[in-house]
Amino acid sequence: MEDLQKISDLRLPANWYPEARSIQRKIIFHAGPTNSGKTYHALNRFLTAKSGIYCGPLKLLASEVFQKSNNAGTPCDLVTGEERRYARADEVASNHVACTVEMASVTSPYEVAIIDEIQMIRDTQRGWAWTRALLGLCAQEVHLCGEASTIDLVQELMTGTGDEMEVRRYKRLTSLEYLNKAVEKFENVRPGDCIVCFSKNDIYYISRQLESLKKECAVIYGGLPPGTKLAQAEKFNNPNDPCKIMVATDAIGMGLNLAIKRIIFYSLMKPHLTESGEKEMDVITTSQALQIAGRAGRYKTTYENGEVTTFRQADLGLLKEIVARPIDPIEQAGLHPTADQIELFAYHLPHATLSNLMDIFVTLSQLDNDKYFMCNVDDFKFLADMIEHVPLQLRVRYVFCCAPIPKKQPFVCTMFLKFARQFSRNEPLTLDWVCRQIGWPFATPSVIADLLHLEGVFDVLDLYLWLSYRFPDMFPDAEHVRDMQRELDQIIQLGVANITRLVQAAEVKTASAVIDDEDDFQIKHRRQKSMGYDDEVKDEEGDGVPVKVNTFQNAKLNGQQRLHSESPLQSQLSTSFLKAKTPSQSSASHSGVKLGQGRLASKLIQQGMLSPELLAALQAEWGSQVNKAKSSGHSDNNSDRNGNSSPRKPHHRKGRR
């Protein structure tokens with residue numbers, strides 16, 4: 001117990017970074033609201049330095065700095081969890097690098113470092129990465145950009161490190177007016193408007209209402225690939241494009257340059273998870289409201305002076321009350337157990353699972369509670385529980401559980417489990433294997449559920465790339481997967497461009513076709529953990545270990561037959577890729593879920609993945625196949641868990657039916 005307490009003593013995290021402590025650093029805090037030029041001034045110093053590192057919260061921001069730096073004549077590399085790009089053709093590292101904050105090196109020396117959005121040091125999930133960068137970057141000058149609410153905390157932390165600190169305050173460059181009148185009707189939406197909401201259902205509804213009025217709109221939400229977000233932003237910003245209205249979630253709060261005249265809050269309520277894992281709706285915080293509202297009006301654009309209002313008149317007073325409140329000062333910085341610390345725990349507790357090791361570590365950990373807090377480890381434990389039965393080395397298991405995947409999507413979670421299993425068998429995850437698992441190629445989405453599924457597939461490919469940089473031998477086809485991801489991004493862009501048509505198509509099939517992933521897989525997992533899972537299906541790889549998924553995943557599998565029907569455009573996108581890289585894909589077949597009148601068929605119809613007409617047609621076709629099988633002497637009386645009849649696999653044919 002004494003050894004465990006020493007290992008989990010986190011009271012002096014600044015001592016974890018000897019390189020940073022060996023030099024005298026100068027901390028320059030650029031404090032100001034959105035559109036105040038704080039990041040601009042920090043980047044100017046970055047570009048003129050002999051060496052530098054930029055740490056941002058998003059891939060989009062790191063990519064933007066990467067492009068700006070190279071365009072300005074300062075060679076700069078890009079490093080994210082999924083990608084490495086070099087400024088030089090010979091792939092020799094440059095003196096400057098733009099990266100996501102988790103990927104920042106705390107051992108390489110730099111003249112200048114920038115940590116953007118420093119207020120995210122309080123984030124319950126990712127705050128540890130900002131703490132690590134602040135305490136550990138080995139740079140002569142460390143420039144912090146963000147809210148003034150973080151100044152006091154940074155000063156207190158820097159007192160402990162002995163670093164000098166300077167604060168530079170900025171005011172907004174253009175005016176921002178909070179209007180006294182709400183929009184109230186979609187007819188009153190005008191060019192330059194951005195309607196902000198906090199659920200996909202609202203995005204679908206608003207988009208359809210606007211397009212019914214012949215008002216074309218761009219759409220941005222968090223689940224979209226970066227390329228699709230940029231394409232929608234460029235469409236909205238292009239003065240020659242008729243699309244002049246944006247419908248978005250708070251994903252526009254950072255990382256995108258948008259020429260917005262007026263921000264319209266469609267709602268002020270945002271869902272969040274409680275400590276018990278339940279979903280609750282709550283009013284957005286002052287910080288969130290100011291971050292979003294500040295996107296209206298941008299210096300040196302068509303709309304320099306911004307306006308902010310609400311869609312409903314009843315929300316207008318509440319909005320003004322929210323933004324008038326002072327932002328609470330940030331008092332604590334996030335911390336997270338390292339792989340080394342967990343390995344030491346495992347040495348003393350060899351029979352504990354990784355999830356239990358994390359629980360014990362958090363319980364025993366000692367923190368300076370006046371300055372630090374332990375980041376939420378529920379996501380880590382969620383993934384650890386999922387692959388608990390997969391035989392992996394502890395360090396490998398830890399890395400897998402750090403993977404940034406959207407845990408609300410059952411398809412992505414199931415693929416995460418399959419990745420871990422394939423890895424545990426020491427079998428490389430080749431391009432051909434990945435294609436078989438995800439059912440490549442896909443057609444342009446025909447209903448909104450198809451689009452959501454393709455977004456999940458994109459996240460699976462992101463997971464592959466993330467793991468490929470940590471285990472290159474086991475994930476050998478990263479470049480080919482990246483090519484596949486680019487093509488998938490184009491398909492998703494086509495789906496988003498026709499998002500209203502997809503919603504309409506789904507509504508024709510079922511009244512409840514729109515799926516809001518706020519009621520996510522992770523919540524369902526927590527609710528079901530104490531009472532069992534809805535469904536357990538055998539992994540198609542045949543190892544006999546149950547894959548714990550809910551019925552929604554079965555629906556995704558059943559949707560493959562529809563998604564595999566290629567359109568001419570899809571053929572144009574994927575033919576060259578498939579011929580060059582997946583010659584065996586054409587012979588790969590996919591087993592689907594059996595059709596019938598059970599729970600699964602009803603759920604498929606309810607979720608908009610199958611219409612009653614299509615179900616009837618498939619049943620008729622299935623029936624004819626069964627009759628043919630019976631007449632050939634191959635009838636079978638097997639049935640699946642849902643009561644749906646299913647023919648036995650013929651004994652004289654190879655492969656799955």
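Reader: What is the bridge partner of Leu-176 in strand 16?

Author: In this predicted model, Leu-176 is bridged to Gly-306 of strand 16.

Reader: And what makes strand 9 and strand 16 a pair?

Author: Two strands pair if at least two bridges are found between them. Strand 9 and strand 16 (residues 306-310) are joined by three bridges and run parallel, so they meet that cut-off.

Reader: Which sheet do these strands belong to, and in what order do its strands lie?

Author: They sit in an open sheet of six strands, ordered 9-16-13-10-12-11, with parallel pairing.

Reader: Why are strand 9 and strand 11 said to stand at the edges?

Author: Strand 9 (176-178) and strand 11 (217-220) each have a single partner strand, so one side of each has no neighbour in the sheet. On average, neighbouring strands of this sheet are turned by 20° against each other, direction ignored.

Reader: What lies across strand 11?

Author: That is helix 8 (residues 226-237), which also lies across strand 10 (193-196) and strand 12 (245-248). Helix 8 runs at about 150° to strand 11.

Reader: Let's move to strand 2. Why is strand 2 called largely enclosed?

Author: Strand 2 covers residues 52-56, and five of the five are buried, so the rest of the structure largely encloses this strand. Gly-52, Tyr-54 and Gly-56 point one way, while Ile-53 and Cys-55 point the other way.

Reader: How do you know that strand 2 pairs with strand 5 and with strand 6?

Author: Count the bridges again, with at least two needed for a pair. Strand 2 has five bridges to strand 5 (residues 96-100), running parallel, and four bridges to strand 6 (residues 109-115), also parallel. Both counts meet the cut-off, so both are pairs. Ile-53 is a handy place to look: its bridge partner in strand 5 is Val-97, and in strand 6 its bridge partner is Ala-113.

Reader: Why is Ser-36 called buried?

Author: Buried means under 20% relative accessible area. Ser-36 has 3%, so it is buried. You will find Ser-36 in the loop between strand 1 (26-31) and helix 3 (38-48). Not counting residues up to four places away in sequence, Ser-36 touches Tyr-170, Lys-171, Arg-172 and Leu-173.

Reader: How far is the backbone oxygen of Pro-33 from a polar atom of the Ser-36 side chain, and what makes this a polar contact?

Author: The distance is 2.7 Å. A polar contact needs a pair of N or O atoms within 3.5 Å, so this pair falls inside the distance cut-off.

Reader: Is Thr-74 buried or exposed, and how do you know?

Author: Thr-74 has a relative accessible area of 11%; the cut-off is under 20%, so Thr-74 is buried. This residue is in the loop between helix 4 (59-71) and strand 3 (76-79). Leaving aside neighbours within four places in sequence, Thr-74 is in contact with Leu-47, Ser-69 and His-96.

Reader: Which residues have the most contacts inside the largest nonpolar core?

Author: They are Phe-400, Phe-419, Ile-438 and Phe-475, in a core of 129 residues. Helix 17 (residues 448-468) gives the most to this core, with 13 residues. Another core, of 27 residues, lies apart from it and includes Phe-236 and Val-323.

Reader: How many helices and strands does the protein have?

Author: There are 25 helices and 20 strands.

Terms used
Residues are numbered from 1 along each chain as its sequence is written. This is a predicted model: local features need pLDDT of at least 70, side-chain atom pairs count only at pLDDT 80 or more; totals for chains, interfaces and linings use all residues. Side-chain values use heavy atoms; hydrogens and water are left out. Helices (H or I, at least four residues) and strands (E, at least two) are DSSP runs, numbered from the N terminus. Axes are lines fitted to C-alpha atoms, for helices over the stretch in contact, and angles run from 0 to 180 degrees between N-to-C directions. Contact means heavy atoms within 4.5 Å. A nonpolar core is a set of buried Ala, Val, Leu, Ile, Met, Phe, Trp, Tyr and Cys residues joined through side-chain atoms within 4.5 Å. Buried means under 20% relative accessible area, exposed over 50%, partly exposed in between (1.4 Å probe, protein chains only). A polar contact is a pair of N or O atoms within 3.5 Å; within protein, one must be able to donate a hydrogen and the other to accept it, and residues adjacent in sequence count only if both atoms are side-chain atoms.
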